[in-house]
Amino acid sequence: MFSTKGRYALRVMIDLAQQSEHTKEEFIPLKDIAERQDISKKYLECIAKELVKGGMIVGTSGKHGGYKLLRSPDAYSVGEIIALMEGTIAPVACLAECAKACPRAEKCRTLPMWTEFYELERNFFYEKKLSDLI
């Protein structure tokens, strides 16, 4: 299950993509995003900070400050946005990218099922582009 942080980050990215179609290169104030998305501005500040740190968006302060995408919407996968905010999307700990080798892997009867599910999930989210959602 994805947290509100991951889901809201996706909504922020969709909002920025939609607004960039209209404003062409202008920064979008976070308060405007918060109002449109009905999300606390304070919570969005934390999310925006992580999106900036992760190289998804850029922000500036001041009178015409706000945030904007660094790439075109079709250059972002939903998977990379979710992974940035959620960490791994692996269904079990032993499939996480930084997991240690599982001592039961060779005799685990469920590992093939979890691996197949993880590949389906990963492919779904990484093939879906931000532009598909706007």
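This is a predicted model: local features need pLDDT of at least 70, side-chain atom pairs count only at pLDDT 80 or more; totals for chains, interfaces and linings use all residues.
Reader: In what order do the elements run from the N terminus on?

Author: Helices (H or I, at least four residues) and strands (E, at least two) are DSSP runs, numbered from the N terminus. The chain has five helices and two strands. Their order is α-α-α-β-β-α-α.

Reader: Which helix has the highest confidence in the chain?

Author: Helix H1 (residues 4–23) is where confidence is lowest, at a mean of 91. At 97, the highest value belongs to helix H3 (residues 41–53).

Reader: Which residue in E2 stands opposite Gly59?

Author: Strands E1 (residues 57–60) and E2 (residues 66–69) run antiparallel and are joined by four bridges; two strands pair if DSSP finds at least two bridges between them. They form a hairpin with five residues between them, and Gly62 in the turn has a positive phi of about 110°. Opposite Gly59 stands Tyr67.

Reader: At what angle do the axes of H2 and H3 cross?

Author: Axes are lines fitted to C-alpha atoms, for helices over the stretch in contact, and angles run from 0 to 180 degrees between N-to-C directions. Contact means heavy atoms within 4.5 Å, and Leu30, Lys31, Ile33 and Ala34 in H2 meet Lys41, Leu44, Glu45 and Ala48 in H3. The axes of helix H2 (residues 30–37) and H3 come within 9 Å, and their crossing angle is roughly 115°.

Reader: Does Gln19 count as buried or exposed, and why?

Author: Gln19 lies in helix H1 and, leaving aside its neighbours within four places in sequence, is in contact with Ile28 and Arg36. Buried means under 20% relative accessible area, exposed over 50%, and partly exposed in between (1.4 Å probe, protein chains only). Because its relative accessibility is 18%, Gln19 counts as buried.

Reader: And what share of the chain counts as buried?

Author: The C-alpha trace spans about 60 × 25 × 25 Å along its principal axes. Of the 134 residues of the chain, the buried share is 34%.

Technical notes. Residues are numbered from 1 along each chain as its sequence is written. Side-chain values use heavy atoms; hydrogens and water are left out. pLDDT is the predictor's confidence in each residue, from 0 to 100.
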